[in-house]
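This briefing is meant for a reader who is meeting the structure for the first time. Please look over the sequence and the model before turning to the notes that follow.

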Amino acid sequence: TWSDRSTSDSWAGWAAIRMPPFPRRHRSRSEQPHTRHRRTASVTLKTVHVVALVFDGVVSREVLGPLGSFDAAGASCELQSAGGGHCDGFDPYEAIETVPFRPCAPDVLIVPGGFGWRRLAHDPAVGGWLTGVAGRASTVLAVSTGSLLLDALGLVDQRPVTGHWLSAHAFERTPGSATLGQRIVDTGWLVTAAGAVSAIRAAAQIIERRTDGADLARSGRSG
């Protein structure tokens with residue numbers, strides 16, 4: 001399974017957390033009709049821009065789960081992929097609509113896991129975009145094997161990380177960085193989560209951090 005390993009982060013734990021609704025084709029806040037009902041959130045991130053990497057084989061709930069949390073808090077959310085259009089996600093199956101890669105400097109970049117992360121690491125279009133956007137992002141949230149993708153591109157840079165529970169041997173550039181017994185590892189600029197449930201919790205931490213002003217002091221890449 002691509003979910004977190006422990007009982008608390010299994011489907012039982014997943015069911016205990018009410019995941020915010022997220023449309024199959026997500027629209028930015030500027031595209032939202034004024035009559036559309038939005039869930040009232042305890043915090044608001046109206047000026048925050050969140051971008052998520054999407055690809056064929058992505059674990060749907062590892063991208064839509066945390067992205068839904070940011071969306072519910074009022075952030076502007078965007079799904080980007082190498083070619084745009086729909087990507088086939090799984091667990092559960094979802095045809096996820098995306099826009100093509102474009103240069104941007106998001107407040108939060110989400111890098112989910114899924115099948116084919118090694119292929120992505122060797123794809124110049126994906127590697128170039130991800131390296132550039134991650135370097136300009138205030139915070140990067142990597143989920144499950146998304147941590148391996150960042151490591152393959154040299155973006156972990158000796159920071160402690162967590163990820164998929166079977167992936168410790170796959171951290172090639174920084175093998176000593178994996179701390180897979182932890183659900184979430186937060187180093188400031190880089191936040192890593194073991195799986196989908198932990199990613200939603202990590203998103204909540206980032207939202208809280210940004211709303212209390214601490215993110216300005218912690219967003220540097222020196223973590």
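**Edge of the sheet**

Ile-184 has Ala-193, a residue of β8, standing opposite it. The strands concerned are β7 and β8 (residues 190–193), which run antiparallel and are joined by three bridges. The model is a predicted one, and the points below, grouped by topic, should be read with that in mind.

**The chain as a whole**

- The secondary structure of the protein chain amounts to seven helices and eight strands.
- The chain has 223 residues, of which 54% count as buried, and it exposes about 9700 Å², with carbon and sulfur atoms supplying 54% of that area.

- Eight strands form an open sheet with mixed pairing, and their order is β3-β4-β2-β1-β5-β6-β8-β7.
- The edge strands of this sheet are β3 and β7 (184–186), each of which pairs on one side only.
- On average, and with direction ignored, neighbouring strands of the sheet are turned by 30° against each other.
- In general, the strands of a sheet pair through backbone hydrogen bonds, in either a parallel or an antiparallel way.
- β3 and β4 run antiparallel and are joined by five bridges; Gly-85, for example, has Thr-98 in β4 as its bridge partner.
- These two strands, β3 and β4, form a hairpin with four residues between them, and in the turn Asp-91 has a positive phi of about 60°.

- Helix α6 (residues 196–211) lies across β5, β6, β7 and β8, and it runs at about 165° to β6.

**Val-133 in helix α4**

- Val-133 has its place in helix α4 (residues 124–136), and it counts as buried because its relative accessibility is 0%.
- Apart from neighbours within four places in sequence, Val-133 is in contact with Arg-102, Cys-104, Pro-106 and Leu-109.
- The C-alpha atoms of Val-133 and Pro-103 are separated by 6.6 Å, although these residues are 30 residues apart along the chain.

**Aromatic pairs**

- A search of the whole structure finds two aromatic pairs.
- One of them is formed by Phe-90 and Phe-115, which are stacked, at 4.9 Å centre to centre and with 15° between the planes.
- Phe-90 lies in the loop between β3 (85–89) and β4 (94–100), while Phe-115 lies in the loop between β5 (108–111) and α3 (117–121), so this pair ties together parts that are 25 residues apart in sequence.
- Phe-90 counts as partly exposed at 22% relative accessibility, and Phe-115 counts as partly exposed at 47%.
- The rings of Phe-101 and Trp-129 are also stacked, because their centres are 4.2 Å apart and their planes are at 5°.
- Phe-101 lies in the loop between β4 and β5 and Trp-129 lies in helix α4, so this pair ties together parts that are 28 residues apart in sequence.
- Phe-101 is buried, with a relative accessible area of 18%, and Trp-129 is buried as well, with a relative accessible area of 8%.

Conventions. Residues are numbered from 1 along each chain as its sequence is written. This is a predicted model: local features need pLDDT of at least 70, side-chain atom pairs count only at pLDDT 80 or more; totals for chains, interfaces and linings use all residues. Side-chain values use heavy atoms; hydrogens and water are left out. Buried means under 20% relative accessible area, exposed over 50%, partly exposed in between (1.4 Å probe, protein chains only). Contact means heavy atoms within 4.5 Å. Rings of Phe, Tyr and Trp (its six-membered ring) pair if their centres lie within 6.5 Å; planes under 30 degrees apart count as stacked, over 60 as edge-to-face and the rest as tilted. Two strands pair if DSSP finds at least two bridges between them. Accessible areas come from the Shrake-Rupley method with a 1.4 Å probe; for residues, only the protein chains shown count as cover. Axes are lines fitted to C-alpha atoms, for helices over the stretch in contact, and angles run from 0 to 180 degrees between N-to-C directions.
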